[in-house]
Amino acid sequence: MHTILVTGGLGFIGSHTVVALQEQGYEVVIIDNLSNTRLSVLDGITAITGKKPIYYNIDLKEKVAITPVFKNHQIAGVIHFAASKAVGESVEKPLLYYQNNLTSLVNLLQVMLENNCSNIIFSSSCTVYGQADALPITETAPIKPAESPYGNTKQIGEEILFDTTKVTALKAIALRYFNPIGAHKSVLIGELPLGVPQNLIPFVTQTAAGIRAELSVFGDDYPTIDGTAVRDYIHVVDLAKAHVKAVERLITKKQNDAFEVFNVGTGKGSSVLEVIKAFEKASNTKLNYKIVGRRAGDITSAYADTTKANKVLGWKAHLSLEEALASAWEWQLKQE
Ligand code: UD1
């Protein structure tokens with residue numbers, strides 16, 4: 001069976017993808033520098049699948065450290081998650097984000113090509129669309145100027161891949177994620193936000209658990225169903241499976257173009273108040289929240305048109321918002 005290298009394989013989406021790959025019979029090699037996760041995630045993965053992935057503690061900014069991984073293993077494809085992802089921090093520390101997210105990508109691509117590995121899946125984001133002019137958002141929607149250095153690293157990352165596929169053997173798929181949430185049903189792996197969560201769901205679960213006093217709902221004057229902003233929340237287990245489909249497409253050479261992009265979402269938009277209601281139902285708790293002003297840089301509404309992923313990748317999200325929120329709550333209850 002093929003061996004897949006997963007960078008950032010101990011992170012939130014990475015760990016769920018490692019599980020999905022192992023369940024399909026792939027051998028997995030992980031690179032992770034533990035900058036935003038814990039080594040114990042490796043035990044969680046092993047407990048779920050019964051198979052310990054090979055793990056290297058490597059920082060992708062060090063190119064010389066990457067080469068031995070490709071010498072030691074016959075890597076059929078790479079799924080590249082390793083990156084910094086805090087929007088606010090990226091505004092404070094732009095150079096850190098450009099260095100971390102772009103140097104790593106360039107190093108990885110160089111080592112891949114030097115070792116005749118030409119298949120890469122890239123973690124992109126719906127953030128590249130900004131506030132799209134039409135909903136649901138298709139892959140042909142124009143790319144809008146990035147709201148943050150983090151968002152810009154995703155746009156530039158896609159451009160680096162596109163330019164490289166034009167002149168080398170490289171084949172790339174960028175998956176543009178909408179809002180990933182939830183945890184594996186075993187609750188042996190999940191999201192591990194450091195410090196005060198910036199994203200909605202970890203803040204909701206921490207508030208329900210009494211770690212945070214109150215959730216602030218950022219704005220109720222948006223032109224949406226109830227005035228709160230709308231997003232497409234996708235269960236991380238569904239999202240992980242999209243990566244397996246994408247890597248299969250590359251390995252079996254089914255691509256139409258050397259660089260392809262796919263939206264990965266559910267296709268359904270939910271407002272913040274709808275999420276709160278669904279969470280209260282799924283967790284059988286009452287959430288303490290108040291409406292405050294809008295958060296700078298937030299858009300009104302984003303949800304995916306998933307037709308391309310459905311038809312071309314043969315992938316579809318199956319798990320509901322309620323299931324995702326219930327798993328996020330189970331996971332929260334397990335944390336100390
Ligand atoms: C954010 C990032 C996006 C990134 C994504 C995944 C911004 C502007 N965008 O998306 O680039 O790809 O995370 O990590 O940060 N909300 C509240 N109260 C809270 C937290 C959030 O009301 O305490 C609201 C937000 O205003 C938004 C929704 O919940 O309407 C979702 O927020 P969040 O989880 O941060 O995701 P995005 O902002 O969509």
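1. Which helices each supply at least two residues of the lining of the second largest pocket? In this predicted model, they are α7 (200-208) and α11 (321-334). The largest share, four residues, is that of α7.

2. The volume of this second largest pocket is about 370 Å³. Its lining comprises 18 residues, and E191, L192, P193, Q206 and Q335 are the closest to the pocket centre. Sorted by class, the lining contains eight nonpolar, seven polar and three charged residues.

3. The ligand has 19 residues around it, of which L200, S216, R231, R295 and D298 come nearest. Strand β8 (residues 215-218) provides the largest share of this shell, four residues. By class, the shell is made up of nine nonpolar, seven polar and three charged residues.

4. T127 instead places a polar side-chain atom 3.4 Å from a ligand oxygen atom. At S216, a backbone N or O atom is 2.7 Å from a nitrogen atom of the ligand.

5. As to the cover of the ligand, its accessible area on its own is 740 Å², and the protein covers 87% of this.

Key: Residues numbered from 1 in each chain as written. Predicted model: local features only at pLDDT ≥ 70, side-chain atom pairs only at ≥ 80, totals over all residues. Heavy atoms only, no water. 1 Å grid on protein atoms, 1.4 Å probe; cavity = no way out; pocket = protein on both sides within 12 Å on 5 of 7 lines; lining within 4 Å. Points joined across faces, edges and corners; volume = space filled by probe spheres on them. Nonpolar A, V, L, I, M, F, W, Y, C, P; charged D, E, K, R; others polar. Near = heavy atom within 4 Å. Polar contact = N/O pair within 3.5 Å; in protein donor to acceptor, adjacent residues only side chain to side chain. Areas by Shrake-Rupley, 256 points an atom, 1.4 Å probe, with all protein chains shown as cover.
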